[in-house]
Amino acid sequence: DEVIPFYGKHQSGIITPMQDFICMGAFDLTTTSLGDVRSLFQSWTQAAARMTAGKNVDEESDHALLPPVDTGEAMGLRPMKLTITFGLGASFFDERFGLASKRPAPLVDLPRFNSDEMRKEWSGGDIVVQVCANDPQVAFHALRNLARIARGKAVLHWLQEGFQRTSASDPTGSTPRNLLGFKDGTNNPQVSDPATANEVVWANTAESPAWMAGGSYMVMRRIRMRIEVWDRSTLTDQENTFGRHRLTGAPLGKANEFDELELDRKDAKGKPVVPVNSHAALAHMEGKVKILRRGYSYSSGMDLKTGQLDAGLLFICYNRDPRKQFIPMQQKLASVDRLNEYITHVGSGLYACLPGASEGGYIGDTLF
Ligand code: HEM
């Protein structure tokens, strides 16, 4: 049960229940040959299938005068639910590989949202690789060896790591808390139900080209939290910011985490019990627009200019058409969400995550 199968109709790491750690990289291609891109994805597929099964990246040659084939730090470790998920950024479809006409319509250039403060070193990239595992060393090893295989064809553009509480510290698997101390993920759609996954997550030919069917669009946002400011705000203010209770995760005015979020409930004075500008109320989108959130906390040392922590949320979500899901949602949140006082988006990417591959095939074989 520690192996998540790599091959299948869909890539793993999308509706797979979240592992404890993420190590995620974006690559820029340095080659301009489509043949090189194809062989890169063929090598990556083989390596990913081996590593997710707990093996070395490839058989060792044991040649005394050659560097070892695998970098070694995962030798003897269990697979730890390793998943490796590949996606293509919009820049992959520029003039270099002759694939411009294949660019999926949902793979738009994300608009600039209110108060975005984007930094190049955390944004974009031709290819994204999301690596998740229940061990940070297993995750790092996988990304490192994929980068090594890419030598001469692609270079890392950014690398970001994230975490959540581990399965060891919460064996019951209750909803994890984010770095603002609130349960995060409560009202995620139940994608173990195939109909829900098809509705929310999996690309289909209604909006996407046939080569993307069974894939999904991933949005990454590096969202820095103003932790020190948050820590000085009152409990009431914090709860009104999210529209939920801190201790239980229940909607304001309710007792249990999974109680229904009823936005039309009023208090004795006629005021909504869940503030209309609270994060949960706005992100609910009247129940009409949903995304699958799969983000991790990050902590990246400190901001030397201000002496504050550089920490926040490596927000990741999957949706079948960001033009109808993530973008309208973020447009609304960016303009009126009460949470904006405490967060800033500093990195961004949108990627077309390819359909899964079957054994003998490779990731990307529907496209190139
Ligand atoms: C709900 C935290 C950014 C979309 C929530 C909840 C928390 C939370 C605590 C309530 C519990 C839950 O249902 O999971 C945060 C934090 C953010 C952030 C700390 C930034 C640092 C975003 C962004 C989006 C988003 C950028 C999408 C554009 C949602 C959605 C819900 C939600 C869809 C569920 C709403 C519903 O009840 O239907 N978030 N969030 N969040 N958030 Fe966020």
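Start by selecting Met285, which is partly exposed because 15 other C-beta atoms lie within 10 Å. The model on the screen is a predicted one. Met285 sits in the loop between α6 and β6. Check its backbone: phi is near 50°, a positive value in a residue other than glycine. Most residues other than glycine have a negative phi.

Next, select Ser115, another residue to check for phi. Here phi is near 60°, again positive and again in a residue other than glycine. Ser115 belongs to the loop between β2 and β3 (127–133). Is Ser115 buried or exposed? With 11 C-beta neighbours inside 10 Å, Ser115 counts as exposed.

Now go to Leu292, in strand β6 (residues 292–293). Leu292 has 23 C-beta neighbours inside 10 Å and therefore counts as buried, the cut-off being 20 or more. Show its contacts, leaving out residues up to four places away in sequence: Leu292 touches Asn188, Pro189, Val191, Val200, Val201, Cys317, Tyr318 and Asn319. For a distance across the model, pick Arg119 as well; Leu292 and Arg119 are 25 Å apart, C-alpha to C-alpha, and 173 residues apart in sequence.

Turn to the ligand. Which residues are closest to the ligand? They are Thr186, Asn187, Ala283, His284 and Leu313, out of 27 residues that surround the ligand. Colour by element, and β5 (216–225), α6 (279–283), β8 (308–319) and α7 (326–336) are the ones that give two or more residues to this shell. Helix α7 contributes the most, with four residues. Colour by class instead, and the shell has 15 nonpolar, eight polar and four charged residues.

Select helix α1, residues 34–52. At 1.5 Å a residue, its 19 residues should span 27 Å; the end C-alpha atoms are 26 Å apart, so the two values agree. Display the buried side of the list: Val37, Leu40, Phe41, Trp44, Thr45, Ala47, Ala48, Met51 and Thr52 are buried in α1. An α-helix has 3.6 residues a turn, so residues three or four places apart point the same way. What covers the buried residues of α1? The cover includes β1 (21–29), β2 (83–89), α2 (136–149) and β4 (154–163). Step just past the end of α1 to Gly54, where phi is positive, at about 85°.

Two spans from the record can be selected in turn. UniProt, in an unreviewed entry, lists residues 11–164 as "domain: Dyp-type peroxidase N-terminal". This span is 21% helix and 21% strand, and its end C-alpha atoms lie 22 Å apart. Residues 175–357 are listed by UniProt, also in an unreviewed entry, as "domain: Dyp-type peroxidase C-terminal". Over residues 175–357 the chain is 19% helix and 23% strand, with end C-alpha atoms 31 Å apart.

Along the principal axes, the C-alpha trace spans about 75 × 45 × 45 Å. Buried residues make up 42% of the 368 residues. Of the contacts with a separation of 6 or more, 76% join residues 24 or more positions apart.

Methods: Residues numbered from 1 in each chain as written. Predicted model: local features only at pLDDT ≥ 70, side-chain atom pairs only at ≥ 80, totals over all residues. Near = placed C-beta within 6 Å. Nonpolar A, V, L, I, M, F, W, Y, C, P; charged D, E, K, R; others polar. UniProt positions renumbered as here; feature names shortened; annotations may be inferred. Buried ≥ 20, exposed ≤ 12 C-beta atoms within 10 Å, placed from the backbone. Contact = placed C-beta atoms within 7 Å. Expected span 1.5 Å × (residues − 1).
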